[in-house]
Amino acid sequence: MSDQIVYESSLMSLSQGRPYLAIPGPSVMPDQVLQAMHRASPNIYEGELHDLTHALIPDLKAVARTVHQVAIYIGNGHAAWEAALTNVLSPGDTVLVLATGQFCIGWGAVAEGLGCTVQTIDYGPQSPIDLTQVQAALAADQDGRIKAVLAVHVDTSTSVKNDIAGLRHVMDKTGHPALLMVDCIASLGCDRFEMDVWGVDVMVSACQKGLMTPAGISFVWYNDKAAAQRGACVTRYWDWAPRTAPEFYYQYFNGTAPTHHLYGLHAALGMIKAEGLDHVFARHARLAEAIWAAAEKWACDGGLALNIADPAYRSHAVTSIAMTSPDADRLRQWCEETCGLTLGIGLGRDPADAYFRIGHMGHVNAHMIMGVLGTINAGLRALDIPHGPGALDAASAVVAGADVTPP
Ligand SMILES: *Cc1c(COP(=O)(O)O)cnc(C)c1O
């Protein structure tokens, strides 16, 4: 054996170091959240866990900007979808699904599974909800079959952000009594959302995106109008009433509490409170602008394109970028294997390998975003993928000009 060091080229990689999961959920978990969860099982009968759970309720309402109710479920976003629908719908009811990507279609499929009729307006994968079409659909519903309008604030598959306040406005204009139900799973704690001011009746979210906690709990916020529209689909387990007015602690969760998730979420909500929700929104807005600035430069040679053309309808939490098939998969693979950066897949798109997504939700700051952009830029060069120059300069200019005032 010679003591000469042998560099095996097949093992050569720049990926050692802290991996970075820049996908649109699960998001990066803060050390504070992980440390809060690193403990023995707490006493579930009394004491600290009970106090901590009670204290979560006002913080969860604050992050949704509501004074109404919030129920916590052990389950992911799909669980919250089903929980919300069962409480307000009866078999045979009609729901109006406003599809701007695959998530609202998925929520509608849950309603269908409960025996409801689904009426869908599909705006395709590159456009926001067109409010005039919603107005026409509601005006045509003379006998009031539609019991709920389902919309996604930010559709994670397309990275479109819908105008929820505008949606309420057209619902009010037609005088239609349907509930407005909104999925904020991708947007909560990232893109500005105002449940009460915008007149949202039911909102669902989950903990693993803007709320920075490992996947496993989800939430349904609802107002008095939604509570009054009690549906026959509701089952004992999904019923939100005992969860929001528990006589006994176990009723919060209809069984054993998700103990460690509660500790993690408590830490995460504490971080949001300490930063200030308006500042959280402003940070996300600025970092999203840096990504868009880079992507617009990459697009100059026709190689890449932001999926949503109008910045007013782009999410501050996730960005979908189109390329030539199969370059998106090649790029994602290169970024992960060579640099330790994992990008999001072209979820729900055809062909999927012509799209990738950057998750920029939650515990994300400027150096992380500059790292993501720099790594993508290196990947485009390494793989000889046509792209315009100047992307990192453009992103730097956005970060350098950071006057971070709430949007
Ligand atoms: C992630 C996501 C979901 C699904 O959440 P799960 O926790 O994976 O069930 C639903 N809607 C939107 C908008 C999402 O981003």
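A residue is called buried when its relative accessible area is under 20%, exposed when over 50%, and partly exposed in between, using a 1.4 Å probe and protein chains only. Lys209 (K209), at 9% relative accessibility, therefore counts as buried. The model you are looking at is predicted, so local features need pLDDT of at least 70 and side-chain atom pairs count only at pLDDT 80 or more, while totals for chains, interfaces and linings use all residues. Residues are numbered from 1 along each chain as its sequence is written, and side-chain values use heavy atoms, leaving out hydrogens and water.

**Words to know**

- On a 1 Å grid over the protein atoms alone, a cavity is a set of points where a 1.4 Å probe fits but cannot get out, and a pocket is an open set with protein on both sides within 12 Å along at least five of seven lines.
- Lining residues have an atom within 4 Å of a point.
- Grid points are joined across faces, edges and corners, and a volume is the space filled by probe spheres set on the points.
- Helices (H or I, at least four residues) and strands (E, at least two) are DSSP runs, numbered from the N terminus.
- Ala, Val, Leu, Ile, Met, Phe, Trp, Tyr, Cys and Pro count as nonpolar, Asp, Glu, Lys and Arg as charged, and the others, Gly among them, as polar.

**The largest pocket**

- The volume of the largest pocket is about 690 Å³.
- Its lining has 33 residues, and R18, Y20, V28, H363 and M368 lie nearest the centre.
- Elements giving two or more residues to this lining include β1 (20–22), α1 (31–37) and α12 (366–382).
- Helix α12 provides the largest share, five residues.
- By class, the lining has 17 nonpolar, twelve polar and four charged residues.
- This pocket lies between domain 1 (20–28 + 277–400) and domain 2 (32–273), because both give residues to its lining; the domain bounds come from an automatic or database domain assignment.

**The second largest pocket**

- The second largest pocket has a volume of about 220 Å³.
- It is lined by 15 residues, with H153, K161, R192, W198 and A312 the closest to its centre.
- Eight of the lining residues are nonpolar, three are polar and four are charged.
- Domain 1 and domain 2 each give at least three residues to the lining of this second largest pocket.

**The cavities**

- There are two cavities of 30 Å³ or more in the structure.
- The largest cavity holds about 40 Å³ of space, and strand β12 (residues 318–322) gives the largest share of its lining, three residues.
- The second largest cavity has a volume of about 30 Å³, and the largest share of its lining, three residues, comes from β1.
- The lining of the second largest cavity has seven nonpolar, three polar and no charged residues.

- I369 sits in helix α12 and counts as buried, at 1% relative accessibility.
- I369 is in contact (heavy atoms within 4.5 Å) with Y20, L287, I291, H360 and V364, not counting residues up to four places away in sequence.
- I369 and I291 are 78 residues apart in sequence, and their C-alpha atoms are 7.5 Å apart in space.
- K209 lies in the loop between β9 (202–206) and β10 (217–222).
- An unreviewed UniProt entry places the feature "modified residue: N6-(pyridoxal phosphate)lysine" at K209; UniProt positions are given in the numbering used here, feature names are shortened, and annotations may be inferred rather than shown by experiment.
- Not counting residues up to four places away in sequence, K209 touches several residues, among them P24, T156, I185 and M361.
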